[in-house]
Amino acid sequence: MPELPEVEVVRRGLERWVAHRTVADAEVLHPRAVRRHVAGPDDFAHRLKDHRIGMPSRRGKYLWLPLEDTDQAVLAHLGMSGQLLVQPHEAPAEKHLRIRVRFADALGTELRFVDQRTFGGLSLHDTSADGLPDVIAHIARDPLDPLFDDEAFHHALRRKRTTIKRALLDQSLISGVGNIYADEALWRARLHYERPTATLTRPRTTELLGHVRDVMNAALAVGGTSFDSLYVNVNGDSGYFDRSLDAYGREGLPCNRCATPMCRRPWMNRSSYFCPKCQRPPRVTP
């Protein structure tokens, strides 16, 4: 599943190639791609026509395209395999092309939504006064947002009475962090994924947030993390932060800090990767 860096890479591509263009027409080629738009495919296509795309925006893993002359926005849910591609009109249709958006200009490119597994999709939603689609109003700000409140996050952690990795993946506390970057930040902070949040001091929370931001900015600099061809930017290129991972996917390999073999444990239908020496498990209280 794409996390904040991957979605931000796509957002930046859309900002360059799609922002401020007027929709000439939209074509829905698979109804599942707009299943979250309850009025259906024809209504979705009709409502986009003749509207101008505003500045693409993101909160955490959520990406949306505001319609400049309305109080609505197209929310993109990439799911496991969704791709937003900017392609020349004459480019052959992708095998899993689901939605095509053409523009009323002479640039010769169009926006395509491609999704092999059809878990993702596009939908149109009303926006709040701050431009946020109403269906994601509950999503917290992400750690790269200038308005993210570090102090409020620390107090929320202390109140939550959960474990630190669960908290990092709780989108109502902090958005944009998924399994990969949680493991990477926890490795950098030398914190075990089962560390109770109530035991984190303010300096430890500050340090952890610093590592979360550092790892995400490092991933952004190289286009995000791609393990296969399913995550790409708008030009179809893959990111290569997977070459720089210190924890995720490194079971049995030496820790890049102490050379102890890295471990993997099943965790919430996922896996957690950690160093058993650098990230010692918390003591069990009798």
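Let's start with a pair of strands: β1 and strand β6 (residues 97-103) run antiparallel to each other and are joined over five bridges. One of these links can be found by name, as Ala26 has Val101 in β6 for its bridge partner. Keep in mind as you look around that this is a predicted model.

Helix α2 (residues 41-48) packs on the sheet, where it touches β1 and β6. The direction of α2 makes about 165° with that of β1.

Now widen the view to the sheet itself. Four strands build it, in the order β1-β6-β7-β5, and the sheet is open with antiparallel pairing. At its edges lie β1 (23-28) and β5 (82-88), each of which pairs on one side only. From one strand to the next, the twist averages 20°.

Next comes a pair of helices. The axes of α5 and α6 come within 9 Å and cross at roughly 125°. Angles from 65 to 115 degrees count as roughly perpendicular and those over 145 as roughly antiparallel, so α5 is oblique to α6. The crossing is right-handed.

Which residues of α5 and α6 meet? The table shows them.

| Helix | Residues in the contact |
|---|---|
| α5 (residues 179-189) | Tyr181, Glu184, Ala185, Leu186, Arg188, Ala189 |
| α6 (residues 202-221) | Arg204, Glu207, Leu208, His211, Val212, Asp214, Val215, Met216, Ala219 |

Sorted by class, the contact of α5 with α6 holds nine nonpolar, one polar and five charged residues.

How values were computed: Residues numbered from 1 in each chain as written. Predicted model: local features only at pLDDT ≥ 70, side-chain atom pairs only at ≥ 80, totals over all residues. Heavy atoms only, no water. Axes fitted to C-alpha atoms, helices over the stretch in contact; angles between N-to-C directions. Helix = DSSP H or I, 4+ residues; strand = E, 2+ residues; numbered from the N terminus. Parallel < 35°, antiparallel > 145°, perpendicular 65-115°, else oblique. Left-handed = near helix turned anticlockwise from the far one by under 90°. Contact = heavy atoms within 4.5 Å. Nonpolar A, V, L, I, M, F, W, Y, C, P; charged D, E, K, R; others polar. Pairing = 2+ DSSP bridges.
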